[in-house]
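Please keep the sequence and the coordinates in view while reading.

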Amino acid sequence: MKTAFLFEYINENEFRKLERAVKKYNMLAYKKLYFEYYPSLKEGNFLGDIVSTNSENNSISYELALPTDHLFAKVHGVMKLHYIVYPDSKIVMLDKLTPLEILTEGHQSELVTYKGIMVSKEHADKDMFKINLLNMLNK
């Protein structure tokens, strides 16, 4: 029987808040995360790109891009899961979900959307300008 990898968290409370924000604002990414990516990670099939390796503590850091609307990705950045694998101890350490700023703000308060894209309350003018500019470039 193959032993499964265990999930641990660097900061579980913060990670769960980010997960809830992903669930609220990007259901496709949330479903992929829970029903495809997490089971794959538990089986030992590590997805995404290797960011770094640390030979001292025998760990490998990964970045996994989650499905994101192309306009959202251009305005806020690609949604990614960052995690660290410790193969000797069979642990997957879930680090964070990015883009941190918009997900953290989305968890704290209800965000408004503009043309289908979340808009930060702090940088609303900047975000709306980017969205308008990208829409004009696409025409």
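At what angle do helix α1 and helix α2 pack, and how far apart are their axes? Helix α1 spans residues 12-25 and helix α2 residues 27-43; the two pack at an angle of about 125°, and their axes lie 5 Å apart. Because of that angle, α1 is oblique to α2. Angles under 35 degrees count as roughly parallel, those over 145 as roughly antiparallel, those from 65 to 115 as roughly perpendicular, and the rest as oblique. The axes are lines fitted to C-alpha atoms, for helices over the stretch in contact, and angles run from 0 to 180 degrees between N-to-C directions. Helices are DSSP runs of H or I with at least four residues, numbered from the N terminus.

The model is predicted: local features need pLDDT of at least 70 and side-chain atom pairs count only at pLDDT 80 or more, whereas totals for chains, interfaces and linings use all residues. Residues are numbered from 1 along each chain as its sequence is written, and side-chain values use heavy atoms, with hydrogens and water left out.

On the α1 side of the packing, Phe15, Arg16, Glu19, Val22, Lys23 and Tyr25 meet Met27, Ala29, Tyr30, Tyr34 and Tyr38 of α2, contact meaning heavy atoms within 4.5 Å. By class, this contact of α1 with α2 has eight nonpolar, no polar and three charged residues. Ala, Val, Leu, Ile, Met, Phe, Trp, Tyr, Cys and Pro count as nonpolar, Asp, Glu, Lys and Arg as charged, and the others, Gly among them, as polar.

A salt bridge is a side-chain nitrogen of Lys or Arg within 4 Å of a carboxyl oxygen of Asp or Glu, and the structure holds five of them. Arg16 pairs with Glu12, with 3.7 Å between the closest N and O atoms, and with Glu19, where the closest N and O atoms are 3.0 Å apart.

Why are Arg16 and Glu12 separated by about one helical turn? They are four residues apart in helix α1. Arg16 and Glu19 are three residues apart in α1, about one turn of the helix. Glu19 is buried, at 3% relative accessibility, whereas Arg16 is partly exposed at 26% and Glu12 is partly exposed at 40%. Buried means under 20% relative accessible area, exposed over 50%, and partly exposed in between (1.4 Å probe, protein chains only).
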